[in-house]
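Here is a short report on one protein model. Have the sequence and the structure at hand as you read.

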Amino acid sequence: MTGDTPMMPLDGVRILDLSRILAGPTATQYLGDLGADVIKVERPDAGDDTRKWGPPYVTGADGKPTRESAYYLSSNRNKRSITVNLASPEGQKLIRRLVAKCDVLVENYKVGGLKKYGLSYDDLKGEFPGLVFCSITGFGQTGPYAKRAGYDFLAQGLGGLMSITGPREGEPMKVGVGIADVMCGMYATTAILAALRHRDRTGQGQQIDCALLDTQVAWLVNEGVNYLLSGQVPVRQGNEHPNIVPYAVMESSDGHFILAVGNDSQFQKWCDFAGAQDLAEDPRFTTNSLRVANRVSLYAAMPAYTRQKSTDVWIEGLAARGVPCGPVKNIAQVFEDEQVVARNMKIDVPHPQAQSGTVPLIANPVKFSETPIQYRMAPPTLGQHTDEILRDVLGCDEGEIAALAERGATTAIGAGGDS
C-alpha cells in the first residue's frame with residue numbers, strides 16, 4: 001500500500017477459504033481483518049449454508065429481504081467471493097490454479113471429503129510444498145470419532161461445557177452463541193500465523209488439524225484442571241464461580257448487579273460499603289478459601305444487604321472503591337453503552353444490496369497502534385468477485401472466464417452470481 005494508507009500486518013498473504021458456517025469463516029475473517037486477501041470459494045447457486053440462516057436478512061432497495069443473512073454477515077467481511085463447482089473436473093483444476101497463488105488453504109470438509117476431488121493435503125503437498133493447509137473438523141483427522149459430523153452444539157455437550165453452564169437445577173445449558181465454533185476459529189487463526197512464520201523461515205508448509213472437540217476441551221481451563229487436580233467432577237453453579245466467592249449476580253432494590261470480588265481486600269471493601277460489619281468479622285468469611293467452603297451461608301446472608309441499595313448506587317459506590325461490579329445488559333443496551341461506543345465496537349460498512357447503503361457489523365476488538373484494522377469490504381454477495389478473481393489473480397481473459405462458466409466450473413456474474 002502507498003500514500004497515507006498504513007500497511008497491514010498480513011499484506012501480501014493470500015488465503016483460499018473453502019470453509020463455511022462459523023469456525024472456518026471466523027478464522028478467515030480475522031485474517032482478512034489483518035490484511036490478508038481472502039478468496040472465499042462458494043458453491044454455485046447455494047453458497048455458504050449460513051446465507052439461508054435467517055431471518056433477519058439485509059433489507060434491499062425494494063424494501064424486501066435479500067439473500068444476505070445477519071448470521072452470514074457476522075463472519076465474512078474482508079473477503080472476496082468466487083463460485084466454483086468442486087464436483088466438476090474443471091472446477092477442481094481451477095482450485096489448483098488458485099492454490100498456486102495462495103499461501104494458505106482453509107477447509108472444513110468432513111475427514112476425507114476433499115480426497116474425492118483430488119484436493120486433500122496429501123494430494124497438494126507435493127506440488128505446493130510451502131502451502132499451509134488448515135483443516136477444521138468436529139473431531140479431528142484421527143480417532144474413533146473422526147468421520148462423524150461435528151457441530152458447535154455437539155462440541156459444547158461432548159466437551160463438558162454444558163455440564164458446568166446454567167443453574168444447578170434443570171437441564172444442561174449451552175452458551176448463547178456458537179462459542180465452540182468461534183474458539184476453534186481463534187485457535188486456527190493463531191495456528192495459521194505460526195505456520196506462516198515457520199514457512200517464511202524454512203519454506204516448508206504443513207497441515208494444521210483443528211477440531212471443535214479438542215479446542216472445547218482445551219478451554220475448560222480452570223474447571224478442567226480443577227477436576228484433574230482434585231478428582232471431583234465440577235457441577236453447574238449458575239452465575240457463581242467455583243473458586244472465588246462472592247462472585248455472582250446479586251439482587252438490588254430495583255434489579256440485579258454483578259459482584260466479582262477477586263480478593264480478601266475487595267471483600268472487606270464490599271462489607272464496608274454495604275454496612276455488613278458482621279460478615280466482615282465472621283471467621284467463616286475472612287479469606288477466599290473459607291468463603292468458598294462456606295459459600296452457601298455467605299450467599300444466604302448477602303441479600304439482606306444488597307436489597308437495600310439500587311443497582312446504580314451499588315455500581316457507582318463499589319467502582320469508586322475498586323471493587324469489580326457491573327450491570328447485566330441486554331444486547332441493545334450493550335451497543336448504547338458509552339464505553340462500547342467510545343471503543344467503536346459497532347461499524348457500518350457499505351453494501352451494494354442494502355437499502356440504507358450500509359450494513360451494521362461488530363468491529364474487530366484488536367487495536368493496533370501502527371497497523372490499524374481496515375474494513376475494506378462488506379461480506380460479499382454470492383460470487384460477487386468471480387470475474388475479478390479469475391482476471392486479476394489467475395490472469396484469465398474474458399473469453400476464458402466465459403468458457404469456465406459455460407463448462408460449469410464457475411457461475412458467471414449475471415448468470416446466477418449476485419452483482
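## Gln 92 in helix α3

Gln 92 sits in helix α3, which runs over residues 89-99. Helices here are DSSP runs of H or I with at least four residues, strands are runs of E with at least two, and both are numbered from the N terminus. The model is a predicted one: local features need pLDDT of at least 70, side-chain atom pairs count only at pLDDT 80 or more, and totals for chains, interfaces and linings use all residues. Residues are numbered from 1 along each chain as its sequence is written, and side-chain values use heavy atoms, with hydrogens and water left out.

Is Gln 92 buried or exposed? Its relative accessibility is 18%, so Gln 92 counts as buried. Buried means under 20% relative accessible area, exposed means over 50%, and partly exposed lies in between (1.4 Å probe, protein chains only). Setting aside neighbours within four places in sequence, Gln 92 is in contact with Asn 85, Leu 86, Ala 87, Tyr 117 and Leu 119. A contact means heavy atoms within 4.5 Å.

## The whole protein

The protein has 18 helices and 13 strands. Its C-alpha atoms fill a box of roughly 85 × 50 × 40 Å along the principal axes. Of its 419 residues, 47% are buried.

Take the contacts with a separation of 6 or more: residues 24 or more positions apart account for 69% of them. The accessible surface comes to about 20400 Å², and carbon and sulfur atoms hold 54% of it. Such areas come from the Shrake-Rupley method with a 1.4 Å probe; for residues, only the protein chains shown count as cover.

Helix α6 covers residues 179-202, 24 residues in total. It reaches 34 Å from first C-alpha to last, close to the 34 Å expected at 1.5 Å a residue. That expected span is 1.5 Å times one less than the number of residues. Buried residues in α6 include Ile 179, Cys 184, Ala 188, Ile 192, Leu 196 and Arg 199. Among the elements that cover the buried residues of α6 are α1 (23-33), β7 (132-137), α5 (152-158) and β8 (206-211).

Just after α6, Gly 203 takes a positive phi of about 80 degrees. Gln 204 lies in the loop between α6 and β8. Its relative accessible area is 47%, so Gln 204 is partly exposed. Not counting residues up to four places away in sequence, Gln 204 touches Pro 129, Gly 130, His 198 and Arg 199. Its side chain makes a polar contact with the side chain of His 198 at 2.9 Å. A polar contact is a pair of N or O atoms within 3.5 Å; within protein, one must be able to donate a hydrogen and the other to accept it, and residues adjacent in sequence count only if both atoms are side-chain atoms. Gln 204 and Leu 131 are 73 residues apart in sequence, yet 7.5 Å apart in space, C-alpha to C-alpha.

## Salt bridges

How many salt bridges does a search of the whole structure find? The search finds 25. Each is a side-chain nitrogen of Lys or Arg within 4 Å of a carboxyl oxygen of Asp or Glu. One of them joins the side chains of Glu 400 and Arg 97 (2.9 Å, N to O). Glu 400 lies in helix α18 (residues 398-406) and Arg 97 in helix α3, so the pair ties together parts 303 residues apart in sequence. Glu 400 is partly exposed at 26% relative accessibility. Arg 97 is partly exposed too, at 31%.

Lys 329 and Asp 337 also meet through their side chains (2.5 Å, N to O). Glu 398 and Arg 391 form another salt bridge (3.9 Å, N to O). Salt bridges that share partners join Arg 14, Asp 37, Arg 80 and Glu 388 into one network.

## Backbone exceptions

Most residues other than glycine have a negative phi, and most peptide bonds are trans. The bond between Gly 54 and Pro 55 is cis, with omega about 5 degrees. The bond from Pro 55 to Pro 56 is cis as well, with omega near 10 degrees. Pro 55 lies in the loop between β2 (37-42) and β3 (57-59).

Asp 45 is found in the loop between β2 and β3. Its phi is near 75 degrees, a positive value in a residue other than glycine. Asp 45 is exposed, with a relative accessible area of 54%.
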